[in-house]
Amino acid sequence: MLDSFASKLLPKTPQFALERTIVAILVAIVSVAAAALVIHSAYFSSLTALLLRSMFFSLLAGAGLLLLGSKGKTLLVRLIFYMLAIVALIPGPYLYQNYISIIRMGAIAREMDVYLFVATVIVALVLARFYLGWTMVALAFIALGYAIFGYLLPGEYGHAGYSLDRLTSNLFLRTEGLFSMPMGVAAEYILLFSLLGGLLLKSGLGKIFVDIAHALTGGVQGGPGLTAVVSSTMFSSINGSAVAGVVTTGTFTIPLMKRTGYRPKVAAAIEAAASSAGQIMPPVMGAAAFLMAEMTQIPYSTIAAAAAIPALLYVFALLVAVRLEAGKFNLERSNPEDIPSIWTVLLKQGYMLLPLIALVGFLIYGFTPAKAAVLCIAATLLLAPWRKETRISLDDLIHVCVVTVRNVMPIIAAVAIAGILIGVLTLTGLALQISSMILSWGGDSLFAVLILTMIASFILGMGMPTSAAYLLLAILVAPALVKFGLPILAGHMFIFYYGLLSAITPPVAIAAYAAASIAGSKPNETAIEAIRLGFVSVVAPFMFVYAPELLLIGSPIDIIIAVIAAFASVFALGTAFAGWIGRMLVPLERLILIVAGIALIAPFGAAQTDLASLGAKLIGAALLSFILWKTVFNNDTRLSPVSS
């Protein structure tokens, strides 16, 4: 029995059976303890920030290192990871036991504190290396090296240098380093919402999403593509990972799309772009919404509301592109026998949507996001036993805790390294100098500063989970945009979007490559298709920087005009890129649509009710209406769909 339990938690590991069983039991105990810690803290708020964050990191790091050790090919490698796991479990209890003494001494480091600080940094670096790659490790080494040896640098970038004792005091014994705000967000929100998502998916919510989407869109031409967009967006919005969305819903939607005629690279691209859309869709936004709330000190409800219009623009653009792709190649509809009845789905499984509905209700009512998540976890556990298909056993519950811990480990590694960066940047004052450097390169041009920020965000976001990418960019890049004069919300949304873009953009494009492996298509071709379909993710950040009304910043009339114009612009540009609407478009018609799309959101930076802005929008609307009249309403179908 224990062996089967271990095999379920740690499949395909090279250890001996007894070793695997022991490690699996330890991972399960630590994972359940971590889940219990965050649930108890979220509901009762009984621990101070330093104690909660340090205990949380110890438990997560211990579990993460045990999981890494279980994959070791040799006994020596596994023993090293197991020893590191033991070391990782020490800092939290140590700080808990010595908390009063630390306060009385003003967080002045003692010899044991220094040893534990060094050990904790080593643990964080190992986690970053194996869960994120060398980039974050290099950044941490550079930061720590700069803090210690900065006195060797001449000019404005040099400083007096800081001893190991001082670094221990700031980065380990206070909430300004390893256990700073990013670790707090991970402890208070990220693991909690990931646990909620894991429970919902274990109850079969992923299949419910697919069934509902298929019931609504399956009868439309190219319906499986629309099903993929809707279901993958919903799934990834609570899952927190574009790649996880691809490998979960994509195993159903990609073969379904291929059967109805979608080319493999297009089917994979639709799934990758849709799973990426879930990361920007409120209310969870891959947990980045909670990080953004803490980084900007803007209420979570404001951020979720502001993110809604850009996210809907992205999903709308995907739906338009998918539907036009289906018409362009005259794709088939789903077999009516394969399309479930929406009422049957809702009657049999719809009750498992109640926790998500309750989550939104709790947030609107005024509950904190953490307490709302705890109540929804309780609601999920109460509702799941109603039917055998959704029932969650004790083994399932433990498995969800372990899988959740495994899934959030890249974020935990990222927030630990981000804490080191924040501590060093604050201690040395380098944060202001990085912002000044970006601004000096960009000069007085907002557009130049945005381009530089876009490039930096794209590079730093490569291969990173959504939350981790945003966190790194918020520390290093966002202050420059705010210092330039952008609204803080617009600046942070800008870097968030471009940090996410690397999931579907070569050379990394992890979501696109995962989808390509399922579809059997070429990875880079899939990534290029995903960019074409998800072009809004490229242009939307510039749209809401120059038109902050899309983030609900401005008067109601300005917001209404901006939103209508943006949706019309996205439709025009998506149609131009597809080259088909009712019939194939000639180059001149596509050019007219591009001009219409640009005119609808121009002139950049002007108020929505300015005469020039209204005039441009009217011209764009007239051009779009002309093409629609000529192709759709006038039944001008001289050219048939292209052959697939």
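View 1. Of the 221 residues that make up the largest nonpolar core, Phe56, Phe57, Leu65, Leu127 and Met493 touch the most other members. Helix α20 gives the most to this core, with 21 residues. Keep in mind, as you look around, that this is a predicted model. Zoom in on Leu65 to see what such a residue meets: leaving out residues up to four places away in sequence, Leu65 touches Phe81, Leu84, Ala85, Ala88, Val123, Val126 and Leu127. Another core, of 15 residues, lies apart from the largest one, and Ile581, Leu593, Ala596 and Leu628 are among its residues.

**View 2. The whole protein, for orientation.** Let us step back for a moment. The protein has 31 helices and 0 strands. Its C-alpha atoms fill a box of roughly 80 × 65 × 45 Å, taken along the principal axes. What radius of gyration would a compact globule with 644 residues have? The value would be near 26 Å, and the protein agrees because its own radius of gyration is 26 Å. Of the 644 residues, 58% count as buried. Among contacts between residues at least 6 apart in sequence, 75% join residues at least 24 apart.

**View 3. Ile422 in helix α20.** Find Ile422 in helix α20, which covers residues 394–428. Is this residue buried or exposed? Ile422 counts as buried, because its relative accessibility is 17% and the cut-off for buried is under 20%. Setting aside neighbours within four places in sequence, Ile422 is in contact with Glu176, Ser180, Pro182 and Ile475. Met181 is 241 residues from Ile422 along the chain, yet their C-alpha atoms are separated by 9.3 Å.

View 4. The structure holds 8 salt bridges. In one of them, Arg78 pairs with Glu19, and the closest N and O atoms are 2.7 Å apart. This pair links distant parts of the chain: Arg78 sits in helix α4 (residues 75–88) and Glu19 in helix α2 (residues 17–44), 59 residues apart. Arg78 is buried, with a relative accessible area of 3%, and Glu19 also counts as buried, at 13%.

**View 5. Asp113 and Arg110 side by side.** The side chains of Asp113 and Arg110 meet in a salt bridge of 3.5 Å, N to O. Asp113 counts as buried at 1% relative accessibility, whereas Arg110 is partly exposed at 28%.

**View 6. A network of salt bridges.** Which residues are linked here? The network joins Arg263, Glu325, Glu529 and Arg532. Within it, Glu325 forms a salt bridge with Arg263, the closest N and O atoms being 2.5 Å apart. Glu325 lies in helix α16 (residues 300–328) and Arg263 in the loop between α13 and α14, so the pair ties together parts that are 62 residues apart in sequence. Glu325 is buried at 5% relative accessibility, while Arg263 is partly exposed at 27%.

**View 7. A nonpolar patch on the surface.** Phe577, Val586, Leu588, Leu591, Ile594, Val595 and Ile598 form this patch, with about 580 Å² of accessible area together. Helix α30 (residues 587–600) gives the most to the patch, with 5 residues. Ile594 lies in this helix and counts as partly exposed, at 30% relative accessibility.

Definitions and conventions:
Residues are numbered from 1 along each chain as its sequence is written. This is a predicted model: local features need pLDDT of at least 70, side-chain atom pairs count only at pLDDT 80 or more; totals for chains, interfaces and linings use all residues. Side-chain values use heavy atoms; hydrogens and water are left out. Patches are made of residues with over 30% relative accessible area and no salt bridge: like charges are joined within 9 Å, nonpolar side chains (Val, Leu, Ile, Met, Phe, Trp, Tyr) within 5 Å. Accessible areas come from the Shrake-Rupley method with a 1.4 Å probe; for residues, only the protein chains shown count as cover. A salt bridge is a side-chain nitrogen of Lys or Arg within 4 Å of a carboxyl oxygen of Asp or Glu. Helices (H or I, at least four residues) and strands (E, at least two) are DSSP runs, numbered from the N terminus. Buried means under 20% relative accessible area, exposed over 50%, partly exposed in between (1.4 Å probe, protein chains only). Contact means heavy atoms within 4.5 Å. A nonpolar core is a set of buried Ala, Val, Leu, Ile, Met, Phe, Trp, Tyr and Cys residues joined through side-chain atoms within 4.5 Å. The radius of gyration is taken over C-alpha atoms; the globule rule is 2.2 Å times the number of residues to the power 0.38.
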